[in-house]
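Please look over the sequence and the model first, and then follow the notes below.

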Amino acid sequence: MGRKKFVACFLYAGMCGKFIVRQYATRVADRKNIPVRLQRKMQMEFSTSLKKNEDFRYVYRNGKVKANRYLVMYVVENNQAINRLGISASKKTGNSVVRHHFYRLVRESYRLHEKIFNSGLDIVVVAKKSAADVGFKEIESALLHLAKLHHIIMEDKNFKQ
């Protein structure tokens, strides 16, 4: 069992001008002790993020690749029960503000459609230079288009998103 991570909550203690620090454990089992306003409300249910460079390199080397106008998607099986999503954008895409905006768009479009993706996959989404100027709808449709090309979306006609 790993170390507990804590979220520090600073509360201002009125007239005396002191801050009180309360720590809340962020493990899933301990989250019920955290006040609702501190919990992350918009998080992915069935997925985590790819963070390590070696994981990205493994997906680049061994994954299948498909591309469209705005995105490039690499997919490889990970032999786990969950998906892991990695998002990458080079400096060619734009400055840090543009790249972070792209990360948020991809993460949100994946989160909204997470239930229709097959599980047990490592997915890396790479931005093309043309992705810097587009909005949410274009990124969302490009992501779903690539998922259909990879055949990683459940094709149930009765399934509602």
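Not counting residues up to four places away in sequence, Asp 122 touches Leu 50, Val 59, Tyr 74, Val 75, Val 76, Asn 78 and Arg 84, where contact means heavy atoms within 4.5 Å. The model is predicted, so local features need pLDDT of at least 70 and side-chain atom pairs count only at pLDDT 80 or more, while totals for chains, interfaces and linings use all residues. Residues are numbered from 1 along each chain as its sequence is written, and side-chain values use heavy atoms, with hydrogens and water left out.

**Asp 122**
- Asp 122 lies in strand β7, strands being DSSP runs of E with at least two residues and helices runs of H or I with at least four, numbered from the N terminus.
- Asp 122 counts as buried because its relative accessibility is 3%; buried means under 20% relative accessible area, exposed over 50%, and partly exposed in between, with a 1.4 Å probe and protein chains only.

**The sheet**
- Five strands form an open sheet in the order β3-β6-β7-β5-β4, with mixed pairing, and two strands pair if DSSP finds at least two bridges between them.
- The edge strands, β3 and β4 (64–67), each pair on one side only.
- Strand β3 (residues 47–49) pairs with β6 in the parallel sense over three bridges, and Thr 48 has Arg 84 of β6 as its bridge partner.
- The pairing of β6 with β7 is also parallel and runs over five bridges; there Leu 85 stands opposite Ile 123 of β7, and Ser 88 has Val 126 of β7 as its bridge partner.
- Because five of its six residues are buried, β6 is largely enclosed by the rest of the structure.

**The nonpolar cores**
- The largest nonpolar core has 27 residues, and those with the most contacts inside it include Leu 71, Phe 102, Ile 123 and Ile 152; such a core is a set of buried Ala, Val, Leu, Ile, Met, Phe, Trp, Tyr and Cys residues joined through side-chain atoms within 4.5 Å.
- At least two residues of this core come from each of β5 (71–77), β6 (83–88), α2 (96–112), β7 (121–127) and α3 (136–150), and the largest share, six residues, is from α3.
- A second, separate core of eight residues includes Leu 50, Phe 56, Tyr 74 and Val 76.
- Leaving aside neighbours within four places in sequence, Ile 152 is in contact with residues including Met 73, Ile 123 and Ala 147.
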